[in-house]
Amino acid sequence: MSVTDPSTGTPKSVAIIMDGNGRWAERRGLPRMAGHRAGASAVDRVTEEAARLGVESLTLYAFSTENWQRPRQEVDTLWKLLVRDLKRRGPKCIKQGIRLRAIGRRDRMPDVAVRELERVERETAGGTRMTLCLALDYGGWWDFCELAERIRRGVRDGSIDGEPFDPERLRELLPSGIVPPVDLLIRTGGESRVSNFLPWQITYAELLFLPMLWPDFDETALADAFREFSRRKRRFGRLDPRAPVATGTPVAPVESGTESTAGPGIGAIGDRRLR
Ligand code: FPP
């Protein structure tokens, strides 16, 4: 479901790939960790401003399943920074009415990170102004593999029946299902790719790739991004951008056997009932 506030054009669900910390530091002759620390300050600014502007869900890619492949020292220091950040973010979130949640694997992160995370999740559970979701040891392939495992277990223990799946039912089983469909995906740092981030949720997201490095991202950059978002025409496959959208709405089937006959070697994917 599209969730844009029509009065302000503010996207309700925003996701950010915070890229460019390392380069920000290197350009200043500083160690890469100084860039990650400056990145954490940008998280503060952007979280506060997003909540103020009326965003309901902000999801930040803080550590990917692929980030374990960085040098051991950077990985260790990043987790230390994340733990320290969680400790001070908890009280801030409570004060700002923000609920903090996380998506991703918890079986590989340091125990102290799991403990802090669970504590902050518990303490901020009453926050209703905005949900700040940290993607920690998160990756889209893991998300889908874990979804498949949950289905396998559900079928085995009988909690999943033989009814056909629809997007809503699948989402309930998806580990990252707490993140609503993303309206606007921002990536800083100049690369134009989505890097295994929220493949389910970004299906109809507007994508914004910015050259700016993450530690330089501030309130003005967020407002500019929202302005650009409000200029985009979102049609969700329809002709009228104002038409309401329901994800996975069942469509009346047409007779089978009416598929167009594609030439040799040309295949088609999709719901053939629609043709
Ligand atoms: C990518 O920049 C960034 C990361 C892998 C880590 C993101 C972490 C933070 C912003 C720090 C704190 C986060 C929170 C939630 C408090 P990069 O290191 O790949 O930059 P580069 O491409 O310039 O090397």
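A residue counts as near a molecule if its C-beta atom, placed from the backbone, lies within 6 Å of it. The views below show a predicted model.

**View 1. The shell around the ligand.** Helix H2 gives the most to this shell, with four residues. In total, 18 residues surround the ligand. The closest are Gly 22, Arg 23, Gly 39, Ala 62 and Asp 85. By class, the shell holds eight nonpolar, seven polar and three charged residues.

**View 2. The whole protein chain.** The chain has 275 residues, and 31% of them count as buried. Its secondary structure comes to seven helices and six strands. Follow the sequence and the pattern reads β-α-α-β-α-β-α-β-α-α-β-β-α. Now take the contacts with a separation of 6 or more. Residues 24 or more positions apart account for 74% of those contacts.

**View 3. Helix H3 against helix H4.** Two packed helices are described by the angle between their axes and the distance between the axes. Here the axes of H3 and H4 (residues 111-123) come within 9 Å. They cross at roughly 10°. That angle makes H3 roughly parallel to H4, because angles under 35 degrees count as roughly parallel. The crossing is left-handed. On the H3 side, the contact is made by Trp 79, Leu 82, Val 83, Leu 86, Lys 87, Arg 89, Gly 90 and Ile 94. On the H4 side, look for Val 112, Ala 113, Glu 116, Leu 117, Arg 119, Val 120 and Glu 123. Sorted by class, the contact of H3 with H4 has nine nonpolar residues, one polar and five charged.

**View 4. Helix H2 against helix H3.** These two helices pack at an angle of about 25°. Their axes are 11 Å apart. H2 and H3 are therefore roughly parallel to each other. The crossing of H2 and H3 is right-handed. H2 brings Arg 32, Met 33, His 36, Arg 37, Ala 40, Glu 48 and Ala 51 to the contact. H3 meets them with Glu 74, Thr 77, Leu 78, Leu 81, Asp 85 and Gln 96. The contact of H2 with H3 divides into five nonpolar, three polar and five charged residues.

**View 5. Helix H2 against helix H7.** H2 also packs with H7 (residues 219-231). The angle is about 45°, and the axes are 9 Å apart. H2 and H7 are therefore oblique to each other. Their crossing is right-handed. From H2 come Arg 45, Val 46, Glu 49, Ala 50 and Leu 53. They meet Glu 219, Leu 222 and Phe 226 in H7. By class, the contact of H2 with H7 has five nonpolar and three charged residues, and no polar ones.

**View 6. Arg 129 in its loop.** Arg 129 is found in the loop between H4 and S4. Is Arg 129 buried, exposed or partly exposed? Arg 129 has 15 C-beta neighbours inside 10 Å, so it counts as partly exposed. Leave aside residues up to four places away in sequence. Arg 129 then touches Ala 51, Gln 96, Gly 97 and Ile 98. Ala 51 and Gln 96 also belong to the contact of H2 with H3. Val 55 is 74 residues from Arg 129 along the chain, yet their C-alpha atoms are separated by 8.5 Å.

**View 7. Asp 137 and its positive phi.** Most residues other than glycine have a negative phi. Asp 137 has a positive phi, near 50°. This residue sits in strand S4 (residues 130-138). Asp 137 has 22 C-beta neighbours inside 10 Å and therefore counts as buried.

**View 8. Asn 196, a residue with positive phi in a loop.** Asn 196 is not a glycine, but its phi is positive, at about 65°. Find Asn 196 in the loop between strand S5 (184-187) and strand S6 (206-209). There are 18 C-beta neighbours inside 10 Å of Asn 196, so it counts as partly exposed.

Notes:
Residues numbered from 1 in each chain as written. Predicted model: local features only at pLDDT ≥ 70, side-chain atom pairs only at ≥ 80, totals over all residues. Nonpolar A, V, L, I, M, F, W, Y, C, P; charged D, E, K, R; others polar. Axes fitted to C-alpha atoms, helices over the stretch in contact; angles between N-to-C directions. Parallel < 35°, antiparallel > 145°, perpendicular 65-115°, else oblique. Left-handed = near helix turned anticlockwise from the far one by under 90°. Contact = placed C-beta atoms within 7 Å. Buried ≥ 20, exposed ≤ 12 C-beta atoms within 10 Å, placed from the backbone.
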